[in-house]
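Here is a short note for someone opening this structure for the first time. Please keep the sequence and the 3D view side by side while reading.

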Amino acid sequence: MPESNAVTMAKKKKSKREYVWLECSECSQRNYRTEISVAEGTPKLELKKYCKTERKRTAHKIRRK
Ligand SMILES: [Zn+2]
(Lines give C-alpha, C1' and ligand atoms only; values in the text may rest on other atoms or scores of the structure.)
Protein backbone atom coordinates (compact mmCIF):
# COMPACT_ATOMS: atom_id res chain seq x y z
CA MET A 1 0.00 0.00 0.00
CA PRO A 2 1.45 3.43 -0.90
CA GLU A 3 1.80 5.82 2.03
CA SER A 4 2.56 9.05 0.18
CA ASN A 5 -1.04 9.78 -0.89
CA ALA A 6 -2.09 11.57 2.31
CA VAL A 7 0.89 13.92 2.22
CA THR A 8 0.24 14.89 -1.40
CA MET A 9 -3.41 15.69 -0.68
CA ALA A 10 -2.55 17.95 2.28
CA LYS A 11 -0.15 20.04 0.23
CA LYS A 12 -2.85 20.87 -2.32
CA LYS A 13 -4.79 22.88 0.30
CA LYS A 14 -2.73 26.04 -0.10
CA SER A 15 -4.21 29.54 -0.04
CA LYS A 16 -6.67 29.49 -2.90
CA ARG A 17 -6.70 32.53 -5.08
CA GLU A 18 -8.85 33.17 -8.07
CA TYR A 19 -9.32 35.79 -10.75
CA VAL A 20 -12.78 37.29 -10.69
CA TRP A 21 -14.71 40.02 -12.44
CA LEU A 22 -15.99 43.14 -10.77
CA GLU A 23 -19.39 43.65 -12.28
CA CYS A 24 -21.35 46.88 -12.18
CA SER A 25 -24.53 46.34 -10.19
CA GLU A 26 -26.48 48.83 -12.29
CA CYS A 27 -25.65 47.97 -15.90
CA SER A 28 -24.02 44.53 -15.37
CA GLN A 29 -20.96 45.59 -17.29
CA ARG A 30 -17.82 43.72 -16.25
CA ASN A 31 -15.33 46.51 -15.84
CA TYR A 32 -12.50 45.15 -13.73
CA ARG A 33 -10.43 42.04 -13.22
CA THR A 34 -9.06 41.32 -9.77
CA GLU A 35 -7.55 38.52 -7.75
CA ILE A 36 -9.23 37.47 -4.50
CA SER A 37 -8.68 34.84 -1.84
CA VAL A 38 -11.41 32.21 -1.97
CA ALA A 39 -10.20 30.15 1.00
CA GLU A 40 -13.40 30.89 2.93
CA GLY A 41 -15.68 31.11 -0.07
CA THR A 42 -16.48 34.11 -2.22
CA PRO A 43 -16.21 37.33 -0.20
CA LYS A 44 -19.37 39.36 -0.10
CA LEU A 45 -17.79 42.49 -1.30
CA GLU A 46 -19.07 45.62 -2.97
CA LEU A 47 -16.68 48.20 -4.27
CA LYS A 48 -17.32 51.68 -5.46
CA LYS A 49 -15.74 51.78 -8.88
CA TYR A 50 -15.91 53.97 -11.90
CA CYS A 51 -18.17 52.56 -14.59
CA LYS A 52 -17.04 53.57 -18.07
CA THR A 53 -20.40 52.72 -19.59
CA GLU A 54 -22.37 55.04 -17.33
CA ARG A 55 -19.48 57.41 -16.68
CA LYS A 56 -20.09 57.52 -12.95
CA ARG A 57 -19.10 55.65 -9.80
CA THR A 58 -21.30 52.68 -8.97
CA ALA A 59 -21.21 49.61 -6.74
CA HIS A 60 -19.37 46.67 -8.30
CA LYS A 61 -19.90 43.10 -7.19
CA ILE A 62 -17.58 40.13 -7.40
CA ARG A 63 -18.58 37.73 -10.13
CA ARG A 64 -16.93 34.34 -10.35
CA LYS A 65 -17.02 32.43 -13.58
ZN1 LIG B 1 -22.45 50.50 -14.96
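1. Residues 24 or more positions apart account for 42% of the chain's contacts with a separation of 6 or more. Two residues are in contact here if their C-beta atoms, placed from the backbone, lie within 7 Å.

2. Ground rules. This is a predicted model, in which local features need pLDDT of at least 70, side-chain atom pairs count only at pLDDT 80 or more, and totals for chains, interfaces and linings use all residues. Residues are numbered from 1 along each chain as its sequence is written.

3. Confidence. pLDDT is the predictor's confidence in each residue, from 0 to 100. The chain averages a pLDDT of 85. Of its residues, 78% score at least 70. Among the elements, helix α1 (residues 5-11) has the lowest mean pLDDT, 58. Strand β4 has the highest, 96. Please read the helix with that value in mind.

4. Elements. The chain holds 1 helix and 4 strands. Along the sequence they follow the pattern α-β-β-β-β. Helices (H or I, at least four residues) and strands (E, at least two) are DSSP runs, numbered from the N terminus.

5. The sheet. In what order do the strands of the open sheet stand? The order is β2-β1-β4-β3, and the pairing is antiparallel. β2 (30-37) and β3 (46-51) are at the edges with a single partner strand each, so one side of each has no neighbour in the sheet. Neighbouring strands are turned by 40° against each other on average, direction ignored. Such angles come from axes, which are lines fitted to C-alpha atoms (for helices over the stretch in contact), and run from 0 to 180 degrees between N-to-C directions. Two strands pair if DSSP finds at least two bridges between them.

6. Pairing, strand by strand. β1 (residues 17-24) runs antiparallel to β2, joined by 7 bridges. In that pair, E18 stands opposite I36 of β2. β1 also runs antiparallel to β4, with 4 bridges. There, C24 has H60 in β4 as its bridge partner. β3 and β4 (residues 56-63) pair in the antiparallel sense over 6 bridges. K49 is partnered by T58 in β4, and C51 by K56 in β4.

7. First hairpin. β1 and β2 form a hairpin with 5 residues between them. S28 is found in the loop between these strands. Its phi is near 65°, a positive value in a residue other than glycine. Is S28 buried or exposed? S28 counts as exposed, because it has 10 C-beta neighbours inside 10 Å. The cut-offs are these: a residue is buried if 20 or more other C-beta atoms lie within 10 Å of its own, exposed if 12 or fewer, and partly exposed in between, with C-beta atoms placed from the backbone.

8. R55 lies in the loop between β3 and β4. Phi of R55 is near 55°, again a positive value in a residue other than glycine. R55 is exposed, because 7 other C-beta atoms lie within 10 Å.

9. Burial. How many of the 65 residues count as buried, in percent? The figure is 6%.

10. C51. This residue lies in strand β3. Which residues does C51 contact, leaving aside its neighbours within four places in sequence? They are C24, C27, Q29, N31, K56 and T58. One of them, Q29, is 22 residues from C51 in sequence and 8.0 Å away in space, C-alpha to C-alpha.

11. Y50. Y50 is found in strand β3. It counts as partly exposed, because it has 13 C-beta neighbours inside 10 Å. Y50 and H60 are 10 residues apart in sequence. In space, C-alpha to C-alpha, Y50 and H60 are 8.8 Å apart. As background, side chains in a regular strand alternate between the two faces of the sheet.
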